[in-house]
Amino acid sequence: MSGLISWIRGFLTTLYVSIVIKDNQCYLFSRAIKGDKIINSNEAIFDITNGVIDSKLTDYLKKRAKKYHSVYFAAMLNSSKQWALPAVNASEFEKFNIEYNLVDKITIDDWSIVVPDSELANFEESLGGLKPDLIYSPFAILHSLIKESPKDGKILYLLNMDDSNTIMIFDGNKMKFGAYFDTRKESDGFDYYDKVFSKEESADLDNIIEEEQDRLSQLDNLGDIGSFEDFDEQNLDKDDFEDIHQEDIDGVNKNLEDSVRDIGKEITLISNIKLAINEYYQNEVYAGDFIEEVVIFDGLSLDNEFLIMAENELMIESKVYKKDIDKLLNNMMIKEICNEL
């Protein structure tokens with residue numbers, strides 16, 4: 001950025017708006033910047049109906065366009081049809097049975113992020129016809145995180161988000177393999193239960209759910225909740241007792257639902273890692289060799305118990321790093337736009 005442009009920008013306020021679609025809702029994060037200072041930040045959630053974001057998003061951007069000198073809009077692509085390939089030219093694309101001239105692609109070093117032509121148009125339709133200044137693939141987000149802390153050796157990197165698992169395998173700084181798993185249960189043409197879970201893993205999850213339900217049903221016997229001898233009966237009438245009992249049961253129900261949902265996501269995540277590793281090892285086009293480490297950038301709530309389970313299942317050393325994906329996307333757009341101006 002030239003000195004003059006930088007000086008002028010010091011007097012102007014620019015709004016950077018980024019969105020991530022997850023859990024069938026649109027999550028917006030924005031920051032207003034004047035010079036090199038953040039003036040304010042904002043978060044909002046917009047509903048999605050029949051695959052299209054509520055028109056309130058358009059209204060939001062129009063109102064901000066009147067308030068700020070410039071407004072830039074970025075979105076994360078959530079199409080299930082996107083890939084990262086260790087290929088950059090037509091002959092290399094042929095190895096993966098992809099027609100070079102029928103896809104949109106971004107080349108990064110010696111590999112490419114690839115999306116069918118129609119997918120970007122479909123994505124813009126889901127935004128209510130809005131045309132983002134920047135569209136980021138989860139592969140681009142994952143690559144930015146890899147560059148922050150590059151590692152030697154053969155590493156499987158994974159970006160864990162609400163609706164997707166994005167995987168890339170690197171050997172040092174050389175990209176060897178990419179895979180994208182859409183984990184939405186109602187994704188078109190994707191049988192979530194049958195294809196994500198093996199029969200053994202499905203049975204394991206069913207057993208866990210059944211065991212938790214058995215434990216919950218035992219709560220009908222108040223003696224299983226604990227002793228009430230410490231309560232002062234004179235200060236606790238029947239109605240109060242019934243309220244406390246119901247709140248306890250409701251809390252247990254809620255915790256059970258959250259626990260089962262998390263277990264399902266964790267099993268799905270490990271299953272997707274296994275599928276990626278098998279493809280990498282068995283498909284000759286990748287010339288895959290031994291993966292030394294798994295690094296997960298987690299946008300959700302993985303914990304140490306998951307890490308233990310993952311290492312036991314995969315037999316590979318694993319690490320988990322927490323990341324705020326919404327803010328990360330916003331940081332990326334600010335950096336890219338400021339460097340271009």
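Are Phe139 and Tyr180 buried or exposed? Phe139 is buried, and Tyr180 is buried too; buried means under 20% relative accessible area, exposed over 50%, and partly exposed in between (1.4 Å probe, protein chains only). This is a predicted model: local features need pLDDT of at least 70, side-chain atom pairs count only at pLDDT 80 or more, and totals for chains, interfaces and linings use all residues. Residues are numbered from 1 along each chain as its sequence is written, and side-chain values use heavy atoms, with hydrogens and water left out.

**Aromatic pairs**

- Rings of Phe, Tyr and Trp (its six-membered ring) pair if their centres lie within 6.5 Å; planes under 30 degrees apart count as stacked, over 60 as edge-to-face and the rest as tilted.
- The count by this rule is 13 aromatic pairs.
- Phe139 and Tyr180 are a tilted pair, because their ring centres lie 6.4 Å apart and their planes stand at 55°.
- This pair links distant parts of the chain, 41 residues apart: Phe139 is in helix H5 (residues 138-148) and Tyr180 in strand E12 (residues 174-182).
- Helices (H or I, at least four residues) and strands (E, at least two) are DSSP runs, numbered from the N terminus.
- Phe177 and Tyr286 pair edge-to-face, with 4.8 Å centre to centre and 75° between the planes.
- Phe177 is in strand E12 and Tyr286 in the loop between helix H8 (238-282) and strand E13 (293-298), so the pair ties together parts 109 residues apart in sequence.
- Phe177 is buried at a relative accessible area of 2%, and Tyr286 counts as buried at 10%.
- One aromatic cluster is formed by Phe96, Phe177, Tyr280, Tyr281 and Tyr286.

**Charges over rings**

- A charge sits over a ring if NZ of Lys or CZ of Arg is within 6 Å of the ring centre and within 35 degrees of the ring normal.
- Arg64 places its charged end over the ring of Tyr60, 3.8 Å from the centre.

- An open sheet of 6 strands runs in the order E4-E3-E2-E1-E5-E9, with mixed pairing; two strands pair if DSSP finds at least two bridges between them.
- Strand E4 (52-53) and strand E9 (134-136) are at the edges with a single partner strand each, so one side of each has no neighbour in the sheet.
- Strand E3 (residues 37-49) and E4 run antiparallel, joined by 2 bridges.
- Ile48 stands opposite Ile53 in E4.
- H5 is mostly covered, with 9 of its 11 residues buried; among them are Phe139, Ala140 and His143.

**Second largest pocket**

- On a 1 Å grid over the protein atoms alone, a cavity is a set of points where a 1.4 Å probe fits but cannot get out, and a pocket is an open set with protein on both sides within 12 Å along at least five of seven lines; lining residues have an atom within 4 Å of a point.
- The second largest pocket holds about 680 Å³ of space; grid points are joined across faces, edges and corners, and a volume is the space filled by probe spheres set on the points.
- It is lined by 24 residues, and those closest to its centre are Ile108, Tyr136, Ala140, Met332 and Glu336.
- H10 gives the most to this lining, with 6 residues.
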